[in-house]
Amino acid sequence: MGGVTTIGDRAERRPKQDRSRATRQRLLEAAVSCLAEHGWAGSTVTVVAERAGVSRGAAQHHFPTREDLFTAAVEYVAEERSTALRALFPQGAADDRRAVISALVDLYTGPLFRAALHLWVAASNEEQLRPRVTELEARVGRETHRIAVDLLGADESKPGVRETVQGLLDMARGLGLANLLTDDHARRERVVAQWAVLLDEVLP
């Protein structure tokens, strides 16, 4: 009968939806890898599609423009990293602030940060990209700040606490920038240890 959806139809549609989600995920992960390794100039939809093992047409079905693809990719991986960061401390970690600080710093020393940095630089020169990246960075920044507050057990109603948490994240970003050129692991560990001492003083 016309208009009737059968169990077989639903069963057939589900694998198609699963394949579509898997294709989208491969494209997003490939986009971040390409951006981290080759920068904006070397990362095209064609390059990403080849890396993901899908056709250019399939890539453009999911992401009609290059800007769509790369902003979605950075947002997707940022969300994955946020979920993973929370999962590291399921019960919170106010009693081990050094571990939290170290985990936050790690957010800024991997491929995601490198990819995001290339996207920021491209956005500073490309008008059509700038508003999307600005909005994305604000959203990701707010979520990272929320996670830091939760994990550190920080009470932002107290004067200076919000600025202290933001200063911690700014410091972590700075360490990530330094790490782009040289392995700054030893200095990073000393800075993390000092920030743990400072936070224990500021955040009772």
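Let me start with a question.

The mean pLDDT of the chain is 86. Of its residues, 91% reach 70 or more. Confidence is lowest in helix H1, residues 7-38, where the mean is 79. Confidence is highest in helix H2, residues 45-52, at 95. Keep H1 in mind when you look at the picture.

Now the overall build. The chain has nine helices and zero strands. Along the principal axes, the C-alpha atoms fill a box of roughly 70 × 40 × 30 Å. The chain has 204 residues, and 39% of them count as buried. Next, contacts with a separation of 6 or more. Residues 24 or more positions apart account for 68% of those.

Back to the helix pair. H5 covers residues 97-106, and H9 covers residues 185-202. Their axes come within 9 Å and cross at roughly 130 degrees.

Which residues of H5 and H9 make the contact? From H5, we have Arg97, Arg98, Ile101, Ser102 and Val105. From H9, the list is Arg188, Glu189, Val192, Ala193, Trp195, Ala196, Leu199 and Asp200. Sort the contact residues by class and you get seven nonpolar, one polar and five charged.

One more stop: Trp40. Where is the place of Trp40? Trp40 is in the loop between H1 and H2. Is Trp40 buried or exposed? Its relative accessible area is 8%, so Trp40 is buried. Now its neighbours, leaving out residues up to four places away in sequence. Trp40 touches Leu35, Arg66, Glu67, Phe70, His118, Leu119, Ala122, Glu126 and Leu129.

One distance for orientation. Trp40 and Leu175 are 135 residues apart in sequence. In space, C-alpha to C-alpha, Trp40 and Leu175 are 22 Å apart.

To recap. We have a predicted model with nine helices. Trp40, in a loop, is buried. Over to you for discussion.

Note on methods
Residues are numbered from 1 along each chain as its sequence is written. This is a predicted model: local features need pLDDT of at least 70, side-chain atom pairs count only at pLDDT 80 or more; totals for chains, interfaces and linings use all residues. Side-chain values use heavy atoms; hydrogens and water are left out. Axes are lines fitted to C-alpha atoms, for helices over the stretch in contact, and angles run from 0 to 180 degrees between N-to-C directions. Helices (H or I, at least four residues) and strands (E, at least two) are DSSP runs, numbered from the N terminus. Contact means heavy atoms within 4.5 Å. Ala, Val, Leu, Ile, Met, Phe, Trp, Tyr, Cys and Pro count as nonpolar, Asp, Glu, Lys and Arg as charged, and the others, Gly among them, as polar. pLDDT is the predictor's confidence in each residue, from 0 to 100. Buried means under 20% relative accessible area, exposed over 50%, partly exposed in between (1.4 Å probe, protein chains only).
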